[in-house]
Amino acid sequence: MLLQFREEVEAALTDALGALELPTDDLGIERPPEDVDAVLASSAAFRAAEAAGAPPPAVAADVAERIDAGDYRLIGAVVTQGTYVNFLPSDAYYEATLEAAHEDDYGRLDPTGESVVVEHTSANPTGPVHVGRARNPIIGDALCRLLEFAGYDVDRHYYVNDAGRQMAVFTWAYETFDESDLPDPERDKPDYDLVRYYREGNEFLEEGPEAEVEAAEDAIQAIMQGLEDGDEETFERVQRVVDQVLDGMRATLQRLGVEFDEFVKETRFMRAGETDDVVERLRDLDEAVYEEDAWQLDLSAFGIDKNFVFLRSDGTTLYTTRDIAHHEWKFDEYDRAITVIGEDHQLTFEQLRRALELLGHDTDRLEQLFYSWVNLPGGGGMSTREGTGVDLDELLDEAVARAREEVEARMDERTRGDLTDEEVERIARQVGIGAVRYDVVAKQPTKAITFEWDRALDFEAQSAPYVQYVHARTCGILERAESVPQAVDADALTEPKAHDLLETIARFPAVVEEAAAAREPHAVATYTREFAETFNGFYRECPVLDEDVPDDLREARLALVAAARHTVANALYLLGVEAPESM
RNA sequence: GGGCGUGUGGCCUAGUGGACAGGGCGGGAGGUUCCUAACCUCCCGAUCGCGGGUUCGAACCCCGCCACGCCCGCCA
């Protein structure tokens, strides 16, 4: 309802400033500090003071004077506080909020008619997903949920790098080494099984006897050439490895609640000839240069000193060359393309963007969301090839185990019956996985983070369980009440804490709109925290089911709790954090 | 050396031009015969990396510097 309130405030301010012959280009609408009793405020008087030839507070008073709250449905009163013009809500504002949030899908915005493909994760199918990469699926999936909720038509893609040198090495290693020479897999999953060959192969290439390494390089080269030439048998050999590893990785991502609409393989753009076509067109560009037997693009006009090599001297293409074909396909199929990608790919992505621009594409349709790496304490990075780091499976196991301990520790203090084993397991899973996702999604992606068990799995305040607990509380109340009233009178809700809660609920659709527009899922996490705090304030001061509560008040408070439940459930959904009905 | 990013109490973090910088962790003091205490209340604690500039007003914009991260491969 805040969105509608804002529209009224805009209209009111525009009219008032216009009537006073003051500029209306910057209305200065903002959200006031917590202790100010207004939904929105305007700081326009600061800037209008000079034009008005009067001190700012006097201008604010004039503006407020000009606005008749009675002309508006949602604005209850307009008051000044110093230079600020504050807009207070009407009874109808609370009424309308309660009514809107009665719906299960409260906060969902109207379809925009715009299609967008979000590519995220896209980790090379070389082995188990580790924590260093875990930011990508978590941020990417939250972004997808957010955009979809905000009315976009979203497709989720995982781009599979199945054609690079890495995969050629992997395929060669898989076909060359014998399982009996490898260590036992860390888990009974195909990605853990196969990564042993990949690691063994890389080690061999680095430290093996020179002559044998040379022979291996020939074999690897043959695989790459086979892919480039569209050789079916080579494709199948590589796919045998790729598909197995991918199955394992997909299973891990599924534990996190992350799923995709499509796994797009880069070989697809080689088989049908799109990549060759891209090479042709790049070669025809004025910026194309042929140096040291390789075709390159001179991007110095864009401030990129490093030449972008798009065709190796051996005639094979590079990752980014294939990615150009991939993105041309995205441009054909979707209105917008967003890629969630590690900051270490910034230069490559810039080269991709510029190349696409030179090929005549409108690259404003291409967006990227960079996140920085997760490091290990002590400064080490995580590498699949070297086998360093913490596997995502390991993190999730540990998270659930710690959550289980927490649930069991709280069993003794429970005032309401024991939990069954299934319930303990369900809560542990929801809380453990939720804590991991929340911890990652709540932070700005550009900030570097260092992985620490205790911090990642802290179930105290400002974590998923804190918010999940609020959801469980709403469910607890509603379950006991048995029925939620259909039509209620919001006028019965007079306490400040009830109004605070309604105002916070009213903000939700605006939070969705702004977070989606800015591509900032973490803003939703910030909101859930504020929401939980506000709900707990209401919970403390406004009993719902107490015998002393009169019927009409009880009904109104029940409706408010139902509205709160829909809001927090949807907010958690956007973050990919499950909303337990009890915990 | 160049490019991109980050710098907010002891630690983590929100806040991209406006009302005393908001939370959490930690430390201290309290709260439950009452809808789930994974909760709440109060207290302790900040030269918003440093220096300049723009502005009525700067954590936020501009310039310089410092620190840290990432990139600068015919890898992905």
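**View 1. Helix 17 and the surface near RNA strand B.** In this predicted model, helix 17 supplies the largest share of the surface near RNA strand B, seven residues. Now look from the RNA side: among the atoms of RNA strand B within 4 Å of the protein, 64% are sugar or phosphate atoms, and bases make up the rest.

View 2. Start with Arg47, where a polar side-chain atom sits 2.6 Å from a base oxygen of RNA strand B. His345 also meets a base: an N or O atom of its side chain is 3.4 Å from a base nitrogen. Zoom out, and the elements giving two or more residues to the surface near the strand include helix 2 (44-52), strand 4 (84-89), helix 13 (346-358) and helix 17 (464-481).

**View 3. Glu21, a loop residue with positive phi.** Glu21 isn't a glycine, yet its phi is positive, at about 60°. You'll find Glu21 in the loop that runs between helix 1 (2-19) and strand 1 (29-30). Its relative accessible area is 72%, so Glu21 is exposed.

**View 4. Thr121, another non-glycine with positive phi.** Here phi is about 70°, again positive without a glycine. Thr121 belongs to the loop between strand 5 (115-119) and helix 5 (135-149). Buried or exposed? Thr121 counts as buried, because its relative accessibility is 11%, under the 20% cut-off.

Notes. Residues numbered from 1 in each chain as written. Chains lettered and ligands numbered in written order. Predicted model: local features only at pLDDT ≥ 70, side-chain atom pairs only at ≥ 80, totals over all residues. Heavy atoms only, no water. Helix = DSSP H or I, 4+ residues; strand = E, 2+ residues; numbered from the N terminus. Buried < 20%, exposed > 50% of the residue type's maximum accessible area, 1.4 Å probe, protein only. Near = heavy atom within 4 Å. Polar contact = N/O pair within 3.5 Å; in protein donor to acceptor, adjacent residues only side chain to side chain.
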